[in-house]
Amino acid sequence: MKVLVLFGSPRKKGNTIQLVNAFSRILKDKGHSMKMLYLNDMNLRPCQGCYACLKEGVCRINDDMKDIRKFIGESDLIVYATPIYWFGPSGQLKLVMDRSIAFMDEEYNSRIKGKKAVTLMTFASDEKDTCQPALDMFKKTFDLLGLKYAGSIEVPACVDPPAAIRKAYIDKTTKLARSLA
Ligand SMILES: Cc1cc2nc3c(=O)[nH]c(=O)nc-3n(C[C@H](O)[C@H](O)[C@H](O)COP(=O)(O)O)c2cc1C
């Protein structure tokens, strides 16, 4: 399997990366290929809403989304990893999701149907439903893109400075990875 991680946190030593590492370790050990994209380091412009992509199959903006598009196209499993920012994904990741309209055609059929998607999220609150708006958004978006939602890990009480993610959540994450490996 080719696995692509869309890493939405600007912090390479924060909370969310710990979930990504736990998840990736299992898949790597099983021989799957892993590609990690630090979205915060990439040159990405917001979607301009021109809809040219629906007809032309490619976005008119000439930036790093070209590479992301290529990696998404080649992948079997896409990991959407993000801190919760105001009940949604980080801007870095949302931007890639907006630009993913270029995967649709004029009839709104997806060009990336059938791939699997997983979400890994951390957030500061200890209220369970904090992630619900993001979960709803991911689910509806994946449905439209024809992606199969293969699982999600949401970890509460993740604050700054980052501390080790509790073992129960790391175990949950490795279990999810094993179920996909
Ligand atoms: C701009 C911003 C918005 C945030 N919004 C929320 C929020 O709505 N709910 C919440 O529980 N935590 C929120 N947080 C806290 C982060 O989600 C949390 O600390 C997360 O684990 C950070 O992940 P990271 O270390 O991987 O960057 C926010 C943090 C920032 C910087």
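**The sheet and what surrounds it**

Author: Start with the sheet: it is open, has five strands in the order 2-1-3-4-5, and its pairing is parallel. Keep in mind that this is a predicted model.

Reader: Which strands stand at the edges?

Author: Strand 2 (33-38) and strand 5 (148-155). Each has a single partner strand, so one side of each is left without a neighbour in the sheet.

Reader: And what does the twist average from one strand to the next?

Author: The average is 15°.

Reader: How many bridges join strand 4 to strand 5?

Author: Seven, between strand 4 (residues 116-122) and strand 5, and the two run parallel. As one example, threonine 122 has valine 155 in strand 5 as its bridge partner.

Reader: Ok, new topic. How many residues surround the ligand?

Author: There are 19, and the closest are Gly14, Thr16, Pro83, Ser125 and Cys158.

Reader: What is that shell like by class?

Author: Around the ligand there are 10 nonpolar, seven polar and two charged residues.

Reader: Now helices. Which residues of helix 4 are buried?

Author: In helix 4 (residues 91-99), the buried ones are Gln92, Leu93, Val96, Met97 and Arg99.

Reader: Where are they around the axis?

Author: They cover an arc of only 165°, which puts them on the same side of helix 4. An α-helix has 3.6 residues a turn, so residues three or four places apart point the same way.

Reader: What covers them?

Author: The cover over the buried residues of helix 4 includes strand 1 (2-7), helix 3 (65-74), strand 3 (77-83) and helix 5 (132-145).

Reader: Back to the loops. Where is the cis peptide bond?

Author: That bond joins aspartate 160 and proline 161, with omega about 0°. Proline 161 lies in the loop between strand 5 and helix 6 (167-180).

Reader: What about alanine 157, where is that found?

Author: Alanine 157 is also in the loop between strand 5 and helix 6. Its phi is positive, about 55°, although it is not a glycine.

Reader: Why does alanine 157 count as partly exposed?

Author: Because it has 15 C-beta neighbours inside 10 Å, while buried takes 20 or more and exposed takes 12 or fewer.

Reader: What does alanine 157 touch?

Author: Ala124 and Asp126, leaving out residues up to four places away in sequence. Lysine 128 is 29 residues from alanine 157 along the chain, and their C-alpha atoms are separated by 10.0 Å.

Reader: And tyrosine 51, what is its phi?

Author: Tyrosine 51 has a positive phi of about 65°, although it is not a glycine. It sits in the loop between strand 2 and helix 2 (52-56). With 13 other C-beta atoms within 10 Å, tyrosine 51 is partly exposed.

Reader: Last one. Is lysine 30 buried or exposed?

Author: Exposed, because it has 12 other C-beta atoms within 10 Å. Lysine 30 is in the loop between helix 1 (16-29) and strand 2.

Reader: How far apart are lysine 30 and arginine 178?

Author: In sequence, lysine 30 and arginine 178 are 148 residues apart. In space they are 8.8 Å apart, C-alpha to C-alpha.

Notes: Residues are numbered from 1 along each chain as its sequence is written. This is a predicted model: local features need pLDDT of at least 70, side-chain atom pairs count only at pLDDT 80 or more; totals for chains, interfaces and linings use all residues. Two strands pair if DSSP finds at least two bridges between them. Helices (H or I, at least four residues) and strands (E, at least two) are DSSP runs, numbered from the N terminus. Axes are lines fitted to C-alpha atoms, for helices over the stretch in contact, and angles run from 0 to 180 degrees between N-to-C directions. A residue is near a molecule or strand if its C-beta atom, placed from the backbone, lies within 6 Å of it. Ala, Val, Leu, Ile, Met, Phe, Trp, Tyr, Cys and Pro count as nonpolar, Asp, Glu, Lys and Arg as charged, and the others, Gly among them, as polar. The arc is that of the directions from the helix axis to the C-beta atoms. Two residues are in contact if their C-beta atoms, placed from the backbone, lie within 7 Å.
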